[in-house]
Amino acid sequence: MARNRAHESWNAPTIRLLCRAMTDSIESHQKEVGRFPPPPAFSAAARIASHAAYAEKHAKSLEDPESFWREETQDLVFRTRFREGAFEEWKLPHAKFFGGATLNVSESCLDRHLTTSARTRAAIVWEGEPGDTRTLTYFELHREVVRLSAALADLGVRAGDRVAIYMGMVPEAAIAMLACARLGATHSVIFGGFSSEALRDRINDCSAKVLLTQDGAWRRGHVIPLKQMADIALEKTPTIEHVVVVKRVGTSHAVAKMHEGRDVWWEDLLARTPSPGARELATTPPAFDAEHPLFILYTSGSTGKPKGVLHTSAGYLASVHVTSKYVFDLKESDLYWCTADVGWVTGHSYIVYGPLSCGASCFMYEGAPNAPDWGRFWSLIEKHGVTILYTAPTAIRAFIRAGDGWPQKHNLQSLRLLGSVGEPINPEAWLWYHRVVGAGRCPIVDTWWQTETGSILLTTLPGACFSKPGATGLPMFGVDIAVVKDHGEECKPNEGGKLVIRRPWPSMARTLWNDGPRFHEAYFSQIEGVYFTGDGARRDEDGYFWVVGRIDDVLNVAGHRIGTAEIESALVSHGSVAEAAAVGRPDALKGQALVVFVTLKTGITSDRTLKESLAHHIDKEIGKFARPDEIRFTDALPKTRSGKIMRRLLKEVASGTESRGDTSTLEDLSVLAKLRADDE
Ligand code: PRX
């Protein structure tokens, strides 16, 4: 069998130096570099203007959740209010919220704005990568959602059906989500960066009836042929009856073959006259139970296939509404830009449901931050007058590398608030964001949450609380969160432990689609009576949470959540691979880089071509975003005597750090010695 090869572009001392620098940076990440009080001018106009006001509201939200949530959801539309005492049964692992209430989520995001000044206000200001623009007022967004709802109803979509959405960043993605919500159909958005295979598996897992997609999406001057990719998936998706295709790039850029009887262009579908029943359903939509399923979003877990996280209606809406309102301090005059993709939870909660429920104007951009150059984001902010920017640390670190010149070329004075999400932000990146993008004038909200939490659970309110670069902050309203030891005992200040949530919160995931037992196993089996987040953290003497990152077998690569088990099972489905182990190593740009160790089947030779073939295989099975940063061939993987792969050791080998851990259970110490030797 072929011998392992050392990393092909860096030599071992370089790797070690880089890794040491990263370890130092992670350690420095945990040190305080200062406190940044809210700028007085910001506080003066903020919804919550002092720490005391925040603390009082937080205490009330825990002491009397019933009256807290009643007051905070006054603006939302309920057909029937929840019944008195509905919170008495509120106990983990159940989070039934607003028992007895009925609503249609789309009415809170659309209809309620039609009788206010928001009617003619921009709901979505969109720019495509080629520079084309489109604005939809609340009136227009409502009209488009009603039209699509009626059309979907005529295609046979009914409450409770699943609808898959495989799109890029176009307004139709938001229209599609809201149209499903209006009909009570459960949408499942599948990120446009996923491969055909990944799309197929997700469609089949939730047995979607209809797929909404587009001919192609612009990305860095190229077209991603989404319809062609969907067609491959659709060869093996027996439940799909109809495919609706948005004409985004046109036939000169992507050929979308339309399958007679199954596929229909979005514009042709909407041009049909709806049946009276469908029109009625769309214009006066039915009300659903508070716990009616709203969407399924697939995310990675530490074991097995992706988890279909299920969110329901009233609790999800209440949490994203309240957090959007207070964390982003949304005002009528704002143009708010969340740079996430609608395919991830950030896009669901903070591009669509949260801000629209507040009547905010949202900017939406189709393309990448560096196309045609690294000035694109800054020129968009200047051109459209964006006031709030919510983005990810990986993007910020990439901007730092590209140089201060890019943001400095543009007038960014419209900005008043900055946000960060998805991964820990290192203080260097925080300080740069504050100084260069925010000109020292804009508060920064570092928001911690997860697909499963549905909404922001930790942050600092921008007009009320000081920020500490690198600390994500304090619990949001209704959130009882703690750092505990293995048996649930709370850690002392600054002691590291597991981040857990001790009470239900409204937007908590209710289950995993098709896999209720796994829901309990994944979140409630580790520590008695609490929800375990999978993250490690500490809480400092001011009560601020510092989240270190995942402590389970989930990686966070450039803000993308990647399950090691998914990567491994994709690799072993390649004909040459016998076994595989995926681990993360610290990376200055992406937070974590993905390193895979692979053993080959007997007689297979490891070479560059095979490496490329494995990388392509991951592209095909999952998507390009999950491509390993490093593929290492090895004769064997280090295992315990019971046959479990010792990932901790592989992590150390991958990052070149000396082993501090116990290797007494390692089956064959020579495996480890060999892996290290191969690194020399
Ligand atoms: O490890 C935490 C990290 O991202 C994980 C959740 O990933 P996902 O479900 O994809 O949702 C990402 C967007 C909400 C968490 O378990 N994470 C998210 N935000 C932060 C963070 N880590 C540190 N600081 C954050 N602000």
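Reply: What follows covers salt bridges and then the ligand, in a predicted model.

Me: How many salt bridges does the structure hold?

Reply: There are 49 salt bridges in the structure.

Me: Take glutamate 172. Which residue does it form a salt bridge with?

Reply: Arginine 134. The closest N and O atoms are 3.1 Å apart.

Me: Is glutamate 172 buried or exposed?

Reply: Buried. Its relative accessible area is 12%, and the cut-off for buried is under 20%. Arginine 134 is partly exposed, at 29%.

Me: What about lysine 247, what does its side chain meet?

Reply: The side chain of glutamate 267, in a salt bridge of 3.3 Å, N to O. Lysine 247 is in the loop between strand S9 (242-246) and strand S10 (263-265), while glutamate 267 belongs to helix H10 (residues 266-271), so this pair ties together parts that are 20 residues apart in sequence. Lysine 247 is partly exposed, with a relative accessible area of 42%. Glutamate 267 is partly exposed too, at 44%.

Me: And glutamate 621, which lysine does it pair with?

Reply: Lysine 620. The closest N and O atoms of that salt bridge are 3.4 Å apart. Glutamate 621 counts as partly exposed at 23% relative accessibility, and lysine 620 does at 43%.

Me: Which residues are linked in a network of salt bridges?

Reply: Arg35, Lys468, Asp540 and Asp542 form such a network.

Me: OK, ligand now. How many residues surround it?

Reply: 16 residues do. The closest are Asp446, Thr447, Thr451, Arg550 and Arg561. By type, the shell divides into 5 nonpolar, 6 polar and 5 charged residues.

Me: Where do the nitrogen atoms of the ligand come in?

Reply: A ligand nitrogen is 2.8 Å from an N or O atom in the side chain of aspartate 446. For glycine 422 the backbone is involved: one of its N or O atoms lies 3.1 Å from a nitrogen atom of the ligand.

Me: What lies 2.6 Å from an oxygen atom of the ligand?

Reply: A polar side-chain atom of threonine 451.

Me: How much of the ligand does the protein cover?

Reply: 95% of the 540 Å² of accessible area that the ligand has on its own.

Me: Which elements give two or more residues to the shell?

Reply: Strand S18 (444-447) and strand S25 (545-550).

Definitions and conventions. Residues are numbered from 1 along each chain as its sequence is written. This is a predicted model: local features need pLDDT of at least 70, side-chain atom pairs count only at pLDDT 80 or more; totals for chains, interfaces and linings use all residues. Side-chain values use heavy atoms; hydrogens and water are left out. A salt bridge is a side-chain nitrogen of Lys or Arg within 4 Å of a carboxyl oxygen of Asp or Glu. Buried means under 20% relative accessible area, exposed over 50%, partly exposed in between (1.4 Å probe, protein chains only). Helices (H or I, at least four residues) and strands (E, at least two) are DSSP runs, numbered from the N terminus. A residue is near a molecule or strand if one of its heavy atoms lies within 4 Å of it. A polar contact is a pair of N or O atoms within 3.5 Å; within protein, one must be able to donate a hydrogen and the other to accept it, and residues adjacent in sequence count only if both atoms are side-chain atoms. Accessible areas come from the Shrake-Rupley method with a 1.4 Å probe; for residues, only the protein chains shown count as cover. Ala, Val, Leu, Ile, Met, Phe, Trp, Tyr, Cys and Pro count as nonpolar, Asp, Glu, Lys and Arg as charged, and the others, Gly among them, as polar.
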